[in-house]
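Hi everyone, thanks for coming. Let me put the sequence and the model up on the screen, and then we can walk through a few features together.

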Amino acid sequence: MSLPERMRAVEISRPGGPEVLRLAEVAVPEPGPGQILIEVAYAGVNRPDALQRAGAYAPPPSASPLPGLEAAGRVAALGPGVTEWAVGDQVTALLPGGGYADYAVTPAAHALPVPEGMGLREAACLPETCFTVWSNVVMRGGLKAGERFLVHGGSSGIGTTAIQIANALGARVFATAGSAEKCAVCERLGAERAINYRDEDFVSVLAEAGGADVILDMVGGDYIARNLRALAEDGRLVQIAFLQGAKAEINFAPLMMRRQTLTGSTLRPQGDLAKARIAEALLAHVWPMIEAGRLVPVIDSEFPLEAAAEAHRRIESSGHIGKIVLALR
């Protein structure tokens with residue numbers, strides 16, 4: 001297929017607020033060995049994009065400086081050595097960056113087929129959350145059927161995905177959220193108990209339930225010590241972000257006495273092979289959940305590419321429920 005030389009893209013003109021995002025015209029990237037070029041139809045908007053825009057989350061040296069960590073569209077070109085995809089295939093993919101553009105490159109092994117019966121808009125909501133949740137809750141946290149699972153920020157993109165995956169695995173699911181409306185969404189998605197953190201203490205609620213076996217947290221700050229109190233014996237706390245700070249004072253004696261584990265990870269800095277292995281696990285375990293209707297992306301809002309600043313204002317307001325996407329086609 002014939003490709004243009006130039007494309008629309010959203011650039012970060014300087015570190016700052018949403019207003020520093022600007023629409024520009026840049027060269028279409030070329031896929032290198034083992035990579036594919038995707039003609040982007042929809043791109044997901046995530047908090048790491050806002051952190052990068054603010055100057056607090058630099059992309060890896062080899063990644064595009066453009067924001068955007070996930071997208072769905074069709075394969076427009078193949079790099080040398082790629083045999084698992086063909087031009088024209090519909091894919092959804094985890095990106096090293098560059099999703100806020102008409103075209104983006106990514107390792108071929110980080111792309112997945114669009115699930116049967118799903119549109120590209122919904123498929124664009126899958127990679128960042130599914131890679132993050134599966135690798136942290138299951139691969140790192142070891143969640144099993146029958147265990148108690150707590151996710152903070154249950155109405156976020158990560159939270160809505162985590163609730164559904166944990167529920168599909170047969171876990172007992174608990175979630176925190178900041179309003180009655182958000183709590184209701186969490187319970188509709190499969191949480192047996194949603195906790196409004198403005199009115200209730202999640203530590204007390206989980207203690208009454210017997211303690212959490214796995215907690216997925218992106219809040220940090222004083223939540224870290226509280227999470228450890230909310231864990232059961234042999235419980236695992238998995239940290240993936242720090243909305244309230246990365247430092248906390250912890251008494252390790254109870255952690256040792258109760259054989260608890262404190263771990264965590266960030267997705268973007270991981271190597272290509274590690275991400276490819278997560279993609280393989282998703283295809284084997286999560287894609288069947290999606291195709292069986294057990295996992296449905298929750299979409300809060302859609303913005304055109306040129307309104308990327310408004311999309312960032314929306315995600316930083318914390319008023320959203322589920323995912324925010326940019327439409328490019």
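Let me begin with a term: buried means under 20% relative accessible area, exposed means over 50%, and partly exposed is in between, using a 1.4 Å probe and protein chains only. By that rule Cys186 is buried, at a relative accessible area of 0%. Cys125 is buried too, with 2%.

A word on the ground rules. This is a predicted model, where local features need pLDDT of at least 70 and side-chain atom pairs count only at pLDDT 80 or more, while totals for chains, interfaces and linings use all residues. Residues are numbered from 1 along each chain as its sequence is written, and side-chain values use heavy atoms, with hydrogens and water left out.

Let's stay with the cysteines. How many disulfides does the structure hold? With a disulfide taken as a pair of cysteine sulfur atoms within 2.5 Å, the count is 0.

Helices (H or I, at least four residues) and strands (E, at least two) are DSSP runs, numbered from the N terminus, and two strands pair if DSSP finds at least two bridges between them. Here we have an open sheet of 6 strands, pairing in parallel in the order S10-S9-S8-S11-S12-S13. At the edges sit S10 (193-196) and S13 (261-264), each pairing on one side only. Inside the sheet, 4 bridges join S8 (residues 148-151) to S9 (residues 172-177), and in S9 the bridge partner of Val151 is Ala175.

Which helix packs on this sheet and touches S13? That is H3 (residues 127-140), which also touches S8, S11 (212-217) and S12 (231-239), contact meaning heavy atoms within 4.5 Å. The direction of H3 makes about 155° with that of S13; axes are lines fitted to C-alpha atoms, for helices over the stretch in contact, and angles run from 0 to 180 degrees between N-to-C directions. H7 (residues 223-230) lies across S11 and S12, at about 150° to S12.

Finally, some backbone angles. Arg259, in the loop between H8 (252-257) and S13, has a positive phi near 55° without being a glycine, and is partly exposed at 42%. Ser318, in the loop between H10 (308-317) and S15 (323-327), also has a positive phi, of about 60°.
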